[in-house]
Amino acid sequence: MTVESLPAFTAPARQRWESIPADIRQRLLSNVWCGRCRRESTNTNFTGTIKGGDPLLVGKCGECRGDVARVIDGS
Ligand SMILES: [Zn+2]
């Protein structure tokens, strides 16, 4: 499966993202698993991509600046 990397959210991804309540969005951004820190961290400088039709947040770990990603599933 290929991941289409985008500099920002595409219109469909943005629409999906903005349909999520703000408090949930905040939680998605503030609870990203970082494999390097081995704990949940904050997703900073995130951008949106599309993976398998679902928005995927990618960004940097707020602690170690490593790459982190989180799929936003349709549910
Ligand atoms: Zn980290």
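## Salt bridges and a zinc site

Student: Which side chain meets glutamate 63 in a salt bridge?

Tutor: This is a predicted model, where local features need pLDDT of at least 70, side-chain atom pairs count only at pLDDT 80 or more, and totals for chains, interfaces and linings use all residues. Residues are numbered from 1 along each chain as its sequence is written, and side-chain values use heavy atoms, without hydrogens and water. A salt bridge needs a side-chain nitrogen of Lys or Arg within 4 Å of a carboxyl oxygen of Asp or Glu. At 3.5 Å, N to O, the partner of glutamate 63 is arginine 39.

Student: Is glutamate 63 buried or exposed?

Tutor: Buried means under 20% relative accessible area, exposed over 50%, and partly exposed in between (1.4 Å probe, protein chains only). Glutamate 63 has 52%, so it is exposed.

Student: What is the N to O distance between aspartate 67 and lysine 60?

Tutor: These two side chains form a salt bridge. Their closest N and O atoms are apart by 2.6 Å.

Student: Which protein donors hold the zinc ion?

Tutor: Donors are N, O and S atoms within 2.8 Å of the metal (3.2 Å for Na, K and Ca); water is not among the atoms, so sites may look incomplete. Here the distances are 2.2 to 2.4 Å. The donors are the SG atoms of Cys34, Cys37, Cys61 and Cys64.

Student: Is cysteine 34 buried or exposed?

Tutor: Its relative accessible area is 2%. Cysteine 64, another zinc donor, is partly exposed at 23%. Cysteine 34 is buried.
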